[in-house]
Amino acid sequence: MILTALNDYYQRLSKESKVPQSGFSTEKISFALAFDQNGVPQQIDDLRDTSGKKPRARPYQVPVDKRRTSGIHAYPLWDKTAYALGVTAGEGKRLNDEHAAFKTRQFDLFRNSDDKSLLAFLKFLDQWHPEKLSSLPGYSEEVLDSNIIFRLDGQRQYLHENDDARQIWSTALEENTGIYGQCLITGENAVLGTDHPAIKGVRDAQSSGASLVSFNSEAYESYGFRKNQNAAISTSAIFGYTTALNYLLRGDADNQQRLQIGDTTLVFWANAQTSQAAQAAESFFAVLNQPPNDEQEASKLGSLLAQVADGRPLKEVAPELEPETQFYVLGLAPNAARLSVRFWLVDSLEHLTKHYAQHYRDLDIQPAPWKGIAPSVWWLTLQTAPIHGARPKSEDVLPQLAGEMMRAIITGQRYPRPLLTSVVMRFRSDGNINGLRVALCKAVLAREARLTTHLNSNNQEVSVSLDKSSTHPGYLLGRLFAELENAQRGALGRELNATIKDRYYGAASATPASVFPMLLRNVQNHLSSMRKKDKSGIAYTIESEISQIIDGLGDTFPRSLGIEEQGRFAIGYYHQSQTRFAKKDNANSDEQSEQGDSE
């Protein structure tokens with residue numbers, strides 16, 4: 001299914017001239033060598049992109065017939081300098097054999113051509129001496145071991161772009177027949193391939209590329225077939241799926257179809273009635289995963305998702321999108337020389353949008369710790385890492401957590417269980433109880449409650465904002481802890497070096513019975529101190545709030561709270577403490593308004 005979808009996507013890309021034709025591959029080329037009609041080398045051209053801080057090789061579509069592994073194999077009309085020119089920066093133990101293979105390949109292909117540029121190229125190879133390279137204009141040591149192409153001096157066209165060369169190459173590929181059989185991807189009878197080109201662009205995979213289809217052990221082989229003969233895939237389908245996947249994984253700055261979520265490299269594409277509709281769907285999905293920084297645009301996206309979550313059809317909310325567009329999402333992770341498929345989703349754009357809308361609704365908490373719309377999936381998963389200093393580090397995120405969270409979002413299934421555990425443990429270890437972390441707790445619990453179908457389930461709905469009617473012990477204890485901290489700040493001042501949150505949050509959220517009796521004794525001292533400082537009104541309000549919360553808890557404090565209850569504890573703490581800040585802001589606003597009216 002994955003390979004079939006990729007091969008179909010290649011057909012669309014091919015019609016749009018975005019990918020090379022069969023027998024060609026997009027490779028990074030750094031230099032070109034120019035020669036005259038007599039085959040005499042003239043100069044080295046630097047083809048690299050120098051717009052950035054460091055020169056970068058440019059992509060060119062060059063002839064490629066199979067993946068080069070450990071053996072010697074030369075490519076037509078281009079290659080790295082060890083093959084093409086017999087020069088390398090290292091020792092080059094098989095340098096002579098590689099250069100000889102390159103020369104043989106070119107003569108076998110083009111010796112019968114009457115094209116003047118190809119004939120001049122063969123003259124160049126026949127009289128070439130590697131030691132001449134360093135004397136050519138434009139030479140530098142950066143040429144060594146880079147990929148190089150060729151052109152006839154006075155022509156702008158490179159040899160691999162020559163029409164005669166392309167025709168000769170296409171004919172050679174057709175003559176290179178193999179086993180004939182039914183292709184597992186297309187179902188057609190065709191020549192079956194045995195070599196699958198490397199997939200490049202998956203983070204932390206081998207730089208030379210990794211395999212999505214491979215048989216490197218007898219344990220995976222059967223019926224006497226050797227290696228990739230066990231996968232009956234035609235050469236054209238192999239080229240199609242690998243070319244499409246490498247296109248999706250390209251490292252261009254404008255590539256919006258590739259996302260990095262933890263150790264998972266995610267690519268996506270759409271299939272619609274028109275290429276314009278498919279591109280619109282792909283752009284929309286990219287925005288869903290990386291919300292805009294502009295507050296107005298973010299608010300617009302948030303409004304769209306809210307309407308979808310409320311049941312409005314996508315076609316009404318976004319007329320430019322086709323709801324029935326078929327969407328594909330593929331998550332890949334490195335596994336030595338191969339690639340692991342973390343997840344694979346095929347769904348309509350409307351269903352996918354509903355899943356994202358539900359994700360943002362599950363995250364919704366008031367007051368919102370963000371502007372417009374919730375941050376990206378990767379920024380959310382960063383909250384599961386320790387926060388010491390300015391921001392958490394990506395390497396501290398559990399390797400598979402981000403990928404599993406992405407799977408939950410795009411499928412609408414439960415969030416991964418380690419997500420809640422990781423956040424709760426971070427509360428206890430670094431004491432950073434920020435809004436994003438609390439929103440993650442709320443999302444996990446809200447989705448769990450919604451998807452639970454057991455009749456005897458004790459799951460209660462998780463409120464978006466402060467819920468004074470909630471009777472859940474974890475939520476009530478979190479609220480109580482926030483009010484106890486409020487009393488401490490009121491008595492001792494706002495500039496405390498450490499509050500009860502810094503000292504007792506972990507114990508209070510995990511083993512309430514061991515901490516809260518002591519905290520309630522101390523709060524009486526804080527309330528008494530506030531009354532002596534002409535803060536009787538504030539002390540009365542706090543004391544009333546504490547009494548109301550305790551009345552809902554019963555006669556005794558729980559001896560311990562599980563992970564879910566600790567998550568609710570954090571939500572209760574956040575709601576209660578943030579509501580206090582909101583009241584203060586409203587009071588300040590009212591006071592400023594009264595002053596303005598009097599003036």
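A nonpolar core is understood here as a set of buried Ala, Val, Leu, Ile, Met, Phe, Trp, Tyr and Cys residues joined through side-chain atoms within 4.5 Å, where buried means under 20% relative accessible area, exposed over 50% and partly exposed in between, with a 1.4 Å probe and protein chains only. The model is a predicted one, in which local features need pLDDT of at least 70 and side-chain atom pairs count only at pLDDT 80 or more, while totals for chains, interfaces and linings use all residues. Residues are numbered from 1 along each chain as its sequence is written, and side-chain values use heavy atoms, with hydrogens and water left out.

**Nonpolar cores**

The largest nonpolar core holds 91 residues, of which Phe 285, Val 329 and Phe 516 touch the most other members. Apart from its neighbours within four places in sequence, Phe 516 is in contact (heavy atoms within 4.5 Å) with Leu 477, Leu 480, Phe 481, Leu 484, Ala 508, Phe 557 and Phe 569. In soluble globular proteins, nonpolar side chains tend to be buried together.

**The four-stranded sheet**

Helices (H or I, at least four residues) and strands (E, at least two) are DSSP runs, numbered from the N terminus, and two strands are taken to pair if DSSP finds at least two bridges between them. On this basis, four strands form an open antiparallel sheet in the order β9-β10-β11-β12. Because β9 (258–261) and β12 (338–348) stand at the edges with a single partner strand each, one side of each is left without a neighbour in the sheet. From one strand to the next, the twist averages 25 degrees; axes are lines fitted to C-alpha atoms, for helices over the stretch in contact, and angles run from 0 to 180 degrees between N-to-C directions. The antiparallel pairing of β9 with β10 (residues 264–271) runs over four bridges, and Leu 259 has Leu 266 in β10 as its bridge partner.

Two helices that pack on this sheet can be described through their directions. Helix α10 touches β11 (326–335) and β12, and its direction makes about 105 degrees with that of β12. Helix α12 (residues 401–411) touches β9, β10, β11 and β12, and its direction makes about 15 degrees with that of β12.

**Salt bridges**

A search of the whole structure finds 29 salt bridges, each defined as a side-chain nitrogen of Lys or Arg within 4 Å of a carboxyl oxygen of Asp or Glu. The table sets out three of these pairs with their accessibilities.

| Pair | N to O distance | Relative accessibility of each partner |
|---|---|---|
| Glu 16 and Lys 18 | 3.2 Å | Glu 16 24%, Lys 18 33% |
| Asp 362 and Arg 447 | 2.9 Å | Asp 362 2%, Arg 447 1% |
| Glu 545 and Lys 468 | 3.6 Å | Glu 545 11%, Lys 468 41% |

Asp 362 counts as buried, as does Arg 447. Asp 362 lies in helix α10 (residues 349–363) and Arg 447 in helix α14 (residues 435–451), so the pair ties together parts that are 85 residues apart in sequence.

**Loop residues and backbone features**

Asp 49, in the loop between β3 (41–46) and β4 (58–63), is buried at a relative accessible area of 18%. Its side chain and that of Ser 51 are joined by a polar contact of 2.8 Å, a term that covers a pair of N or O atoms within 3.5 Å, of which, within protein, one must be able to donate a hydrogen and the other to accept it, with residues adjacent in sequence counting only if both atoms are side-chain atoms. When residues up to four places away in sequence are not counted, Asp 49 touches Lys 54, Pro 55, Arg 56 and Arg 58.

A cis peptide bond, with omega of about 0 degrees, joins Gln 366 and Pro 367, and Pro 367 lies in the loop between α10 and α11 (377–382). Ser 17, although not a glycine, has a positive phi of about 60 degrees; Ser 17 lies in the loop between α1 (2–15) and β1 (24–29) and counts as exposed at 61% relative accessibility. Asp 145, also not a glycine, has a positive phi of about 70 degrees; Asp 145 lies in the loop between α4 (116–127) and β6 (147–152) and is partly exposed, with a relative accessible area of 37%.
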